[in-house]
Amino acid sequence: MNDIMIREALERLQAEIDPVTRIRLKPEKSVLVEALTAFERCGVEPLRRPRLLAIYTLLASAFARHSEPLELDDAELTRRILDGDYLYSLYIQYALKCKEESLLRDLSPFVKKIQIARALDQDEQVPLLSAFEQILLNHKEAN
Amino acid sequence: MPLHKKLRIDLRRIDREMKRIVKHDKDVPPHSELEKSLLQTINAGGKRLRPMLVMVGSRFGRRPNDNRIVQLAAAAEFIHTASLIHDDLIDRSPLRRGEPSLHMLIGPAKAVYVGNYMSARVVELLSQVDEEPEGDRQSFTAVATAELCLGEYEQLEHAYNYNMSLDDYLLKSRHKTAHLMAVSLEFGARAAGAPEPVCQSLYRFGEHLGLSFQIRDDLLDFTASAKQLGKPAGSDLLGGQVTLPVLYALEDAQLAAQIRSVGPHTKPEDIQPLLEQIRTSGALKRAEAFCDAELQRARDIALSLGDYAAQADLLSLADYFGGRTF
């Protein structure tokens with residue numbers, strides 16, 4: 001079941017990515033399985049899980065591209081900045097396309113706090129997957 | 001008369017809103033390096049063209065001057081500024097408007113995160129909806145930034161590519177420059193409740209205006225002084241950007257041979273004679289004519305919006321973009 005969902009999510013994602021970027025996403029399977037397990041724990045229905053996984057993967061990949069070290073003499077710096085920016089904008093675009101406006105809204109303070117922590121050299125307080133879990137549980141309780 | 005005065009826009013109100021967005025964020029520690037960097041970036045100023053486009057767009061709706069329009073205007077400038085901070089890193093440019101770039105002051109990693117904060121803060125702010133359909137304001141960030149990135153990829157892809165076509169150049173310029181200007185007008189109008197066909201007309205107006213802006217920028221690389229540009233003249237050519245004047249100059253066999261010899265290791269002093277030859281070749285006049293044709297297309301769209309008093313503001317924008325010298 002997980003394999004099918006992961007394949008579906010990655011196929012959807014790759015179809016969204018503009019070829020000019022030459023981005024090929026290859027997230028670790030264990031990370032994706034962990035995310036799917038968390039979504040299941042939060043009571044997310046199976047049909048919704050691949051699109052949440054795609055959204056999660058886009059955001060996690062955007063963060064990873066912008067993680068330190070970021071040095072001027074790094075030949076990959078340009079691509080890493082561009083890829084991170086593009087994946088972040090695609091995350092927003094794809095979340096809206098999937099009608100996940102409320103997830104996007106509730107994630108936005110977490111995303112911002114992660115950038116603040118990075119800018120201030122602080123530990124990132126809430127791991128991204130925990131933020132997803134917290135929000136999905138809140139949505140479940142609200143419904 | 002400065003453009004903002006002609007358009008009757010109080011730029012101080014926009015700047016105040018930008019600062020308020022930072023200072024009212026309880027997650028940004030007061031007096032932290034992050035807050036200082038953000039306020040310094042805002043205080044460094046700029047033309048504030050995109051906020052002005054949002055404000056002008058809003059005049060085609062029922063709710064111009066609403067506080068949320070000012071917030072959207074500030075958001076447009078946040079998106080633009082974040083992209084400039086990252087652009088300076090991508091180009092390894094040590095100067096921005098003649099002053100040290102942010103990454104020269106706080107280091108590349110922190111500069112990336114300051115830009116990221118600005119983008120993330122915009123999404124957070126625009127998500128706080130009231131009566132509007134939830135996705136409307138959120139999509140502003142998405143539609144604005146994805147295209148900016150594509151423009152950067154295309155520029156990277158075509159660096160020192162002297163076989164680039166005119167269509168490729170226009171696509172890159174639409175993505176990199178014209179699109180954000182166009183959506184600023186379009187979303188300003190939509191947020192103020194303008195009819196959808198008018199929003200679409202304003203997008204098309206903004207796209208032509210933005211394209212003329214980019215071509216004018218390309219021309220300034222040859223005609224403006226280092227002081228006006230905040231960087232040496234010829235920087236685009238030296239950096240491998242195949243701009244419209246360069247595309248036209250490439251049609252001259254003698255110039256083409258010299259242009260094609262410009263590469264990543266060419267020194268600034270080596271291109272000075274070439275710059276002079278391009279200046280006198282007729283390539284600039286042709287690029288100027290293309291720029292004027294884009295502005296005329298923008299004016300034609302403005303003339304079709306005669307039912308609105310704000311039509312005059314569109315024509316003022318076209319006049320300003322046509323006469324810009326730096």
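Start with helix α3 of chain A: 16 of its 17 residues are buried, so α3(A) is largely enclosed by the rest of the structure. Buried here means that 20 or more other C-beta atoms, placed from the backbone, lie within 10 Å of a residue's own. Bear in mind that this is a predicted model, where local features need pLDDT of at least 70, side-chain atom pairs count only at pLDDT 80 or more, and totals for chains, interfaces and linings use all residues. Residues are numbered from 1 along each chain as its sequence is written, while chains are lettered from A and ligands numbered from 1 in the order in which they are written.

Now look at where the chains meet. 34 residues of chain A are in contact with 38 residues of chain B, contact meaning C-beta atoms, placed from the backbone, within 7 Å. On chain A's side, α4 (77–97) and α5 each supply at least two of the residues that touch chain B.

Zoom in on one helix pair. The axes of α5 (residues 101–119) of chain A and α7 (residues 108–127) of chain B come within 8 Å and cross at roughly 160°; axes are lines fitted to C-alpha atoms over the stretch in contact, with angles from 0 to 180 degrees between N-to-C directions. The two helices are therefore roughly antiparallel to each other, a label for angles over 145 degrees. Who makes the contact? Leu104(A), Val111(A) and Ile116(A) are among the residues from α5(A), and Tyr113(B), Tyr117(B) and Glu124(B) are among those from α7(B).

Technical notes
Helix = DSSP H or I, 4+ residues; strand = E, 2+ residues; numbered from the N terminus. Parallel < 35°, antiparallel > 145°, perpendicular 65-115°, else oblique. Contact = placed C-beta atoms within 7 Å. Buried ≥ 20, exposed ≤ 12 C-beta atoms within 10 Å, placed from the backbone.
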